[in-house]
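Subject: Structure for you to look over

Hello,

I am passing on the structure we spoke about. Please read the notes below with the structure open beside them.

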Amino acid sequence: MPRIPKIKINFEYEKKKKEKPIKIPKAHTLNLGRVRSIVLLILIGLFIYFSYVLLLANATAHKNKTLQQTVSTLNQRINQENAGTTSYNPLVDQYMTQFLKVYYSPASGDSDDRTKQLTQYLASNLTLPSTDKTTDLKLVSSTLTGIFTIDTVKTAQYSLVVKTNNKQSDLTVDIPYQQANEKLTVTGLPYVANPINSISHVGQARLANTEKTLNSEQTTTKVAKFTKQFAQKYVSSSTKDMAFLMADPVGLDGAVDFVSLDDSSIKVAGTIKNPIVTATMTVKVHDSDMTQVQTIRLYLKQQASTYFVTKFIQA
């Protein structure tokens, strides 16, 4: 009997997996217009920032320049103050005269009394030298010749005539001192010094013609005419009468006679609306041949067909 082959039937089956479509990532594309806008905004921001920084730098430089000018001006004023003055000061003169009378007096006899008197004038830590034992000494006269500053220390210079052993001698001494309001103290003993020589060139002419000349002939003519009229009014009128011509009125009220105003001395500077005129006028003392030449400077402000004096200087 023939053999029938066995047939295996597999009822199990695999489910076919559905193939998922492959996702291709989208390419990131750049929008050139948008990029340009961003770059432009960045550049504009940088430009504004650096402009701001530049403005700040310029402002700082300007402030520094202004501060330097201010410091320079203050230093100049301080130097002028330190340069001192040869003006007469009655308070200092009175104090120093009394001090010198005691200082240049005999040390013999009651020397303790002399030391006690000098202590009132001298600084508390200033003592008299032990060699200060002149027995025959007398101050004949003392003249204050100047008050000035040496190394920031106020100093009074005196011209003395001192008598010793029946012989008079001329002596110039400097006396260092300090002052607080009306109180004074001698901070150093008198020492021999050279007399003050006040002749020097330490400043510029107060009314020197440093301004640029105004080139308007019409304005110059009007200003010259006004200046002559003003000079005559100033000499003859009272301060009250000058109020309609000047911001800070002043008048001589006929204290002297007006003689002339030199046309050749008239110099006009400034602007058409605010000219500055410098001129020289001559006045004469009443009932005499004595004349006085003086320079005047007017700072003017145009008002309709005339001028108003905003500032008046004379020298």
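Helices are DSSP runs of H or I with at least four residues, strands are DSSP runs of E with at least two, and both are numbered from the N terminus. This is a predicted model, in which local features need pLDDT of at least 70 and side-chain atom pairs count only at pLDDT 80 or more, while totals for chains, interfaces and linings use all residues. Residues are numbered from 1 along each chain as its sequence is written, and side-chain values use heavy atoms, with hydrogens and water left out.

The overall picture:

The chain has four helices and 10 strands. Their order from the N terminus is α-α-α-β-β-β-β-β-α-β-β-β-β-β. Of the 315 residues in the chain, 27% are buried (under 20% relative accessible area; exposed is over 50% and partly exposed lies in between, with a 1.4 Å probe and protein chains only). For contacts (heavy atoms within 4.5 Å) between residues at least 6 apart in sequence, 49% join residues at least 24 apart.

Two loop residues:

D253 sits in the loop between α4 (217-236) and β6 (257-261). D253 is not a glycine, yet its phi is positive, at about 55°. Its relative accessible area is 53%, so D253 is exposed.

N181 lies in the loop between β3 (167-180) and β4 (183-186). N181 has a positive phi of about 60° and is not a glycine either. With 66% relative accessibility, N181 is exposed.

Regards
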